[in-house]
Amino acid sequence: MTYEPKSYEHLKGGAVKGFSDSQLDLHFTLYKGYMAKLNEIEEKLTITSNTKPNYSFNEYSELKRREAVAFNGTFLHELYFENLGADAAISPGVQKALAAQGGQDKILADLKAAALCGPGWSLLTRNRRDGKLHTYFVAEHHLGLPIEQDLLVVLDSWEHAFMVDFGIRRADYINAFLENIKWREVSRRFDALNTSGAGGQP
Ligand SMILES: [Fe+2]
């Protein structure tokens, strides 16, 4: 299939406090670039021979090595844009899950600390193994990504996400992001899960 980029124009015009239109436009362009590469890789995989894969170099092997970069680069951005735009409507389920892990302030401090680890992604997830909320840092788009996670909050910590508005002040950008979390969307993601084992007690 060919993926088509979504429009996030509604985030512009001051809808995300502290985020300028030029910053968002740049980011939308990068997101579309990842999607174009994902389409290119998936297309080439359908016509490239898989008969001589090789650790050092082979066209098929290179496509497979970069596939997750383009895929995650595309859909992490969609999750990021979609959990952006302040909305404080937190569902009871999310409130309970946050409280079980030390509360919202503790979780957000962990999310911020993960985002300060470097360029990549900071994630708040529900871990399917223990049913609890976790924060993780993923370098680039694909390095260190833990399996068995349902993504709840997705925070882009690449410089391109904030250099226009915040320069090198990564912490200021992260603070602005945390104030702009769309908790209504986070709640929708959480409440859509089968949480029968939530809390680690299946
Ligand atoms: Fe990004």
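This is a predicted model: local features need pLDDT of at least 70, side-chain atom pairs count only at pLDDT 80 or more; totals for chains, interfaces and linings use all residues.
A pair of aromatic rings is described by the distance of the centres and the angle of the planes. The structure holds 14 aromatic pairs, among them that of Phe19 and Phe166, whose ring centres lie 6.3 Å from each other with 75° between the planes, an edge-to-face arrangement. Because Phe19 belongs to the segment before α1 (21-47) whereas Phe166 belongs to helix α5 (residues 163-166), this pair ties together parts that are 147 residues apart in sequence. Phe19 is buried, with a relative accessible area of 5%, and Phe166, at 11% relative accessibility, likewise counts as buried.

For Phe162 and Tyr173, the ring centres are 5.0 Å apart and the planes stand at 20°, so the pair is stacked. Phe162 is found in the loop between β3 (149-156) and α5, and Tyr173 in helix α6 (residues 170-179), so the contact ties together parts that are 11 residues apart in sequence. Elsewhere, ring pairs link Tyr8, Phe28, Tyr31, Tyr80, Phe81, Trp121 and Phe177 into a cluster.

The iron ion is coordinated at 1.9 to 2.1 Å by the NE2 atoms of His27, His77 and His160, together with an OD atom of Asp156. The angles subtended by the four donor atoms around the iron ion range from 87 to 130°, and the arrangement is therefore tetrahedral, since four donors count as such if all angles lie between 85 and 135 degrees. For comparison, the ideal angle at a metal with four tetrahedral donors is 109.5 degrees. Along the chain, the donors of the iron ion follow the spacing H-x49-H-x78-D-x3-H. Distant parts of the chain are linked by the pair of His27, in helix α1, and His160, in the loop between β3 and α5, which stand 133 residues apart. His27 is buried, with a relative accessible area of 2%, and His160 also counts as buried, at 16% relative accessibility, because the category extends to values under 20%.

Strand β3 is largely enclosed by the rest of the structure, because seven of its eight residues are buried. Strand β1 (residues 120-127) is joined to β3 by seven bridges, and the two strands run antiparallel; within this pairing, the bridge partner of Leu123 is Val154 in β3.

Note on methods
Residues are numbered from 1 along each chain as its sequence is written. Side-chain values use heavy atoms; hydrogens and water are left out. Rings of Phe, Tyr and Trp (its six-membered ring) pair if their centres lie within 6.5 Å; planes under 30 degrees apart count as stacked, over 60 as edge-to-face and the rest as tilted. Helices (H or I, at least four residues) and strands (E, at least two) are DSSP runs, numbered from the N terminus. Buried means under 20% relative accessible area, exposed over 50%, partly exposed in between (1.4 Å probe, protein chains only). Donors are N, O and S atoms within 2.8 Å of the metal (3.2 Å for Na, K and Ca); water is not among the atoms, so sites may look incomplete. Four donors count as tetrahedral if all angles lie between 85 and 135 degrees; four count as square planar and six as octahedral if opposite donors are over 155 degrees apart and all others between 65 and 115; anything else is irregular. Two strands pair if DSSP finds at least two bridges between them.
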